[in-house]
Amino acid sequence: MDAIRDLIEYVANDIGGLAATLFPFALLGLIGLYLLWLVIGYLRVSQVGINAESAVLPTLQLPKAPDGAIEAARGVVYCPTDGIAYPAGAVYCTVCESDLLASCANCGASIRAADESCYRCGTRDTLIAAAR
Ligand SMILES: [Zn+2]
Ligand SMILES: [Zn+2]
């Protein structure tokens, strides 16, 4: 029985020493995960923006191409100066107060958001989610 007890004590002490050895590494791992979380959070905020996830703000900053061109999907109302997408029904930019533009949802022609119909194809459904 002494042999078994010695074995148990040996295992217990050995595992205790192992835990003491690994503890700093586990702590480093946790700190590393925390730093990773901070980096990912920073990248998400800097690339996407906090406003993108806010349901209260109706506007959305559009991604800009490297040459500065603003790419807006068809039927989306946007400001050509600031590159901000607005919900259907918006007419003026809240930042620079200029007329908002939109690509005709039917033919893709650039029209003013305030226009009732498209000058090229004549459709009245110029916006995908028209709130009229
Ligand atoms: Zn604007
Ligand atoms: Zn059209």
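Before you click on anything, one definition: two residues are in contact if their C-beta atoms, placed from the backbone, lie within 7 Å. Keep it handy for the stops below. And remember that what you have open is a predicted model.

**Stop 1: the whole chain.** Colour the protein by secondary structure. Of the 132 residues in the protein, 15% are buried. Now think about contacts with a separation of 6 or more: 24% of these join residues 24 or more positions apart.

**Stop 2: the sheet.** Select the strands. In what order do the 5 strands sit in the sheet? The order is β1-β3-β2-β4-β5, in an open sheet with antiparallel pairing. At the edges you'll see β1 (60-61) and β5 (110-112), each of which pairs on one side only. As a bit of background, strands of a sheet pair through backbone hydrogen bonds, either parallel or antiparallel. Zoom in on β1 and β3, which are joined in the antiparallel sense over 2 bridges. Pick out Q61 and look across: I84 in β3 stands opposite.

**Stop 3: the core.** Next, show the side chains of V77, Y78, Y86, L100 and A102. The largest nonpolar core has 17 residues, and these five touch the most other members. In general, nonpolar side chains tend to be buried together in soluble globular proteins.

Stay with A102 for a moment. Leaving aside residues up to four places away in sequence, A102 touches G75, V76, V77, Y78, I111, A113, T126 and L127.

**Stop 4: V95.** Now move to the loop between β3 and β4, where V95 lies. Is V95 buried or exposed? V95 counts as exposed because it has 12 C-beta neighbours inside 10 Å, and 12 or fewer is the cut-off for that label. V95 still has partners: not counting residues up to four places away in sequence, it touches C79, D82 and I84. Try the distance tool on V95 and I84: C-alpha to C-alpha they are 9.1 Å apart in space, and 11 residues apart in sequence.

**Stop 5: E97.** Last, select E97, in the loop between β3 (84-86) and β4 (101-103). Check the backbone: phi of E97 is near 65 degrees, a positive value in a residue other than glycine. E97 is exposed, with 9 other C-beta atoms within 10 Å.

Definitions and conventions: Residues are numbered from 1 along each chain as its sequence is written. Chains are lettered from A and ligands numbered from 1 in the order in which they are written. This is a predicted model: local features need pLDDT of at least 70, side-chain atom pairs count only at pLDDT 80 or more; totals for chains, interfaces and linings use all residues. A residue is buried if 20 or more other C-beta atoms lie within 10 Å of its own, exposed if 12 or fewer, and partly exposed in between; C-beta atoms are placed from the backbone. Helices (H or I, at least four residues) and strands (E, at least two) are DSSP runs, numbered from the N terminus. Two strands pair if DSSP finds at least two bridges between them. A nonpolar core is a set of buried Ala, Val, Leu, Ile, Met, Phe, Trp, Tyr and Cys residues joined through C-beta atoms within 7 Å.
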